[in-house]
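Please examine the sequence and the three-dimensional structure shown below.

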Amino acid sequence: MDTPSRSEHTPSPPDLVTPPGLTSPQTGLAAASAASGRARLGDRLFAGASKGSGILLLVIMAAIAVFLTVRAAVAISANEGNFLTTFEWNANANPPVFGIAVLAYGTVVSSIIAMVIAVPVAVGIALFVSHYAPRRLAQPIAFVIDLLAAVPSIIYGLWGALFLVPHLTGLNLWLDEYLGWTVIFDKTNPSATPRSLFTVGILLAIMILPIITNVTREVFLQVPRAHEEAALALGATRWEVIRMSVLPFGRSGIISASMLGLGRALGETMAVATVLSASPVLTAHLLDAGGGTFAQNIASAFKEANDMGRDALIASGLVLFVITLLVNGAARLIIARHKEYSGANA
């Protein structure tokens, strides 16, 4: 006896009846498809504008790199000194003799001092504003920090020259007395005015502090509330919540903020030129006057430079350009490496 097929005993599904006021699935799909078709032109325009902006940025960067390289090659080919190791900067001479050893050392050292001072303070302020201070106190503090970020560099330079430098004499003498054995804080001329790389580092730390604080604060405010509440529910203290939930989540943001601050410290010009007593001296005594930075040297020497001197300054600018690219590239690698531990994908 033949077994009836499954289809003979399976009732056919009833026709779907759409209640009044509702849209049937077929009608909804058709409407979504039509809406997608209408929005597709806008999507294409937006995608094209975004891609064009990215390509334009790359073209501008490439044009800057080509310009700096061409002009730098002219100066380096005529240089009678070693561009990387010569301490002297006499690009207007005939033949020109110049090198970036002192400038590279001063730029890196002053930026490191600024970062060592500014980053911990900025993270502490950001944590206080975002997680500890009451709202009526946090908002005025955040407003003042935002205002500090808008102060021009020359104002910081004038304040540093007229106020900061005279008031650092006591600190320099204290460091020389108690930490002079480290060589770094050994001041060879105690009576000299503290127009040194150490003073420049402190001034740069004050200048980059608002940038790092603002970005870090916004990152901390984006921490999922559920993470903090879960830690509190497990019995964690306020500091343990910060350590286990807030700081891991904001690690990439802290690195990004620090790189933004470092970028300004590396390229700061007028404030450094106003405070630093520049000289072609490379010394490990950070409290002694002397030294220089790339940006400060360009600002100070450009007005009196001849054609060869300007090309030499452009060559030093090329080095600063490369250093900035390397720093930002390293920051991107660090962020990508720690992204999976930051909590951003939670």
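Arg-225 counts as exposed because its relative accessibility is 53%, where exposed means over 50% relative accessible area, buried under 20% and partly exposed in between, computed with a 1.4 Å probe and protein chains only. This is a predicted model, in which local features need pLDDT of at least 70 and side-chain atom pairs count only at pLDDT 80 or more, while totals for chains, interfaces and linings use all residues. Residues are numbered from 1 along each chain as its sequence is written, and side-chain values use heavy atoms, with hydrogens and water left out.

The side chain of Arg-225 meets that of Glu-229 in a salt bridge, 3.6 Å from N to O; the term denotes a side-chain nitrogen of Lys or Arg within 4 Å of a carboxyl oxygen of Asp or Glu. Both residues belong to helix H8 (residues 225–233), where they are four residues apart, about one turn of the helix. Helices (H or I, at least four residues) and strands (E, at least two) are DSSP runs, numbered from the N terminus. Glu-229 is partly exposed, because its relative accessibility is 45%.

How many salt bridges does a search of the whole structure find? The search finds seven. One of them joins Arg-310 to Asp-307, with the closest N and O atoms 2.3 Å apart. These two residues are separated by about one helical turn, because they are three residues apart in helix H13 (residues 307–338). Asp-307 is exposed at 54% relative accessibility, whereas Arg-310 is partly exposed at 27%.

Is Glu-268 buried or exposed? With 6% relative accessibility, Glu-268 counts as buried. Leu-204 touches Glu-268, and also Ser-110, Ala-114, Ala-265 and Val-272, when residues up to four places away in sequence are not counted; contact here means heavy atoms within 4.5 Å.

Within helix H3 (residues 101–132) lies Leu-103, which is buried at 8% relative accessibility. Beyond its neighbours within four places in sequence, Leu-103 is in contact with residues including Trp-89 and Phe-294.

Trp-89 is also part of a cluster in which ring pairs link Phe-83, Trp-89 and Phe-98. Rings of Phe, Tyr and Trp (its six-membered ring) pair if their centres lie within 6.5 Å; planes under 30 degrees apart count as stacked, over 60 as edge-to-face and the rest as tilted. The structure contains five aromatic pairs. Among them, Phe-83 and Phe-98 are edge-to-face, 6.0 Å centre to centre with 85° between the planes. Phe-83 lies in the loop between H2 and strand S1 (89–90) and Phe-98 in strand S2 (residues 97–98), so the pair ties together parts that are 15 residues apart in sequence.
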